[in-house]
Amino acid sequence: MALHLSELAALVGGSVLGEADPIIAGARVLCEAQPGDITLIDHIDKTPRLAECRAAAAIVPANVTSAALPAIAVADVHAAFGTLVSAFRPSRTAGRHGVHPLAHVSPWARVADGAEIGPGATIDDDVEIGAGTIIHPGVRVLAGCRIGSHTVIYPNVVLYEDTHVGDRVIIHAGVVIGAFGFGYRQAAGRHQLTAQLGHVRIENEVEIGANSTIDRGSYGATVIGEGTKIDNQVQVGHNCQIGKHNLLCAQVGIAGSTSTGDYVVMAGQVGVRDHVHIGAGAVLGAMAGVINDVQAGTRMIGIPATPEREQKLKLAALAKLPEMRKDLKALTAKVAQLEASAASAPRDEPRVRGEAA
């Protein structure tokens, strides 16, 4: 596909800078752009870099008024460029529609028109799949699951029984949703599995990264709130209630029955103990170890996690320990020297009462 720059501007709702209207046949980032491509810069300070670029045109921020290349000025550079990349490189999976002959779909499952189920996928009894949803090869959906519309489930995902997935959800390869929680009780000297009778509910517009796991509730639901984005290799324990629009970065581990408010951020490798609450808008820094409730809006770092300012003061003090150790050794030596001097100094003989001076 090849389009004039003016046609691309109409597609993304931008305005053309310059008189030229070159034909564009592809979209690539600045360092990869070739003649005939359109590229992007996302800040006015980067505009001079266009003079060295091989691209035919660029997407630029709205506050750019002139550039070394013909350009399209837009309010949101990345959104516009994403639209153009999708136009030049459309999805290879969209548009197939229907159930592949090598998929296994139970006659008691209900698959809406326009849904796509790839080869090797298995859909069990009493499963519902909404319109426009794409199930990739190798996905296993166990009995009683409900999957909304326009959701994408990538290869080798497993949904255990009665998992509920909302609309416009993205679940990446290797995710397991609804496995038993890590809950045991001791009886007669043995670990016995506790009740695993609940399910998992994934609300609308959630994204779950590759190889992440979300355990089912003991009796009710483990919930991932609307708009929450989960990175790769994240573990969410049984009975957790994750709020709306949370960001859980790579290798976060959340123990069972923990809850979060809305817009919570957990950076990479955060660990959260069981039965605590993380208040709305809280930010947990990388590798924070959370052992108590966190108040709304608090920024926490460290192990154990404490408020950011407090932890930074501790770290600053720790950084000074080598210098303080040297000072302590010097002071100790000086005190010892003073004590030795005092012990060796001659002392005046005590006077007898009544003796003349």
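The accessible surface of the protein is about 19700 Å², and carbon and sulfur atoms hold 55% of it. Such areas follow the Shrake-Rupley method with a 1.4 Å probe, and for residues only the protein chains shown count as cover. The model is predicted: local features require pLDDT of at least 70, side-chain atom pairs count only at pLDDT 80 or more, and totals for chains, interfaces and linings use all residues. Residues are numbered from 1 along each chain as its sequence is written, and side-chain values use heavy atoms, with hydrogens and water left out.

Of the 357 residues in the protein, 39% are buried. Here buried means under 20% relative accessible area, exposed means over 50%, and partly exposed lies in between (1.4 Å probe, protein chains only).

**Overall shape**

The secondary structure consists of 4 helices and 40 strands. The radius of gyration is 32 Å, well over the 21 Å that the globule rule gives for 357 residues, so the protein is more spread out than a compact globule. That radius is taken over C-alpha atoms, and the globule rule is 2.2 Å times the number of residues to the power 0.38. Along the principal axes, the C-alpha atoms fill a box of roughly 120 × 75 × 30 Å. Helices (H or I, at least four residues) and strands (E, at least two) are DSSP runs, numbered from the N terminus.

Among contacts with a separation of 6 or more, 17% join residues 24 or more positions apart. A contact means heavy atoms within 4.5 Å.

Two pairs give C-alpha distances across the chain. Leu40 and Gln295 are 255 residues apart along the chain and separated by 41 Å. His199 and Ile301 are 102 residues apart in sequence and 32 Å apart in space.

**Residues in strands**

Leu40 belongs to strand 5 (residues 37-40) and is buried, at 11% relative accessible area. Beyond residues up to four places away in sequence, Leu40 touches Arg28, Val29, Leu30, Ile59, Val77, His78 and Phe81. His199 is in strand 24 (residues 199-202). With the residues up to four places away again not counted, the contacts of His199 include Asp162, His164, Arg216 and Gly217.

**Two threonines in loops**

Which loop holds Thr163? Thr163 sits between strand 18 (158-159) and strand 19 (164-165), and is buried with a relative accessible area of 0%. A polar atom of the Thr163 side chain lies 2.9 Å from the backbone oxygen of Tyr160. A polar contact is a pair of N or O atoms within 3.5 Å; within protein, one must be able to donate a hydrogen and the other to accept it, and residues adjacent in sequence count only if both atoms are side-chain atoms. Not counting residues up to four places away in sequence, Thr163 touches Cys145, Arg146, Ile177, Gly178 and Val200.

Thr133 is in the loop between strand 13 (128-129) and strand 14 (134-135), and is buried with a relative accessible area of 0%. The Thr133 side chain reaches the backbone nitrogen of His150 at 3.2 Å. Outside four places in sequence, the residues in contact with Thr133 include Ala115, Glu116, Ile147 and His150.

**Cysteines**

How many disulfides does the structure hold? The count is 0, where a disulfide is a pair of cysteine sulfur atoms within 2.5 Å. The sulfur of Cys53 is 9.3 Å from the closest cysteine sulfur, in Cys31, which is too far for a bond. Cys145 is likewise in no disulfide, and the nearest cysteine sulfur, that of Cys240, is 19 Å away. Cys53 is buried at 14% relative accessible area, and Cys145 is buried at 0%.

**Aromatic rings**

Rings of Phe, Tyr and Trp (its six-membered ring) pair if their centres lie within 6.5 Å; planes under 30 degrees apart count as stacked, over 60 as edge-to-face and the rest as tilted. This gives 1 aromatic pair. The ring centres of Phe182 and Tyr184 are 5.2 Å apart and the planes are at 80°, so the pair is edge-to-face. Phe182 is exposed at 70% relative accessible area, while Tyr184 is partly exposed at 44%.

**Backbone geometry**

The peptide bond from Ile303 to Pro304 is cis, with omega near -10°. Pro304 is in the loop between strand 39 (299-301) and strand 40 (306-307).
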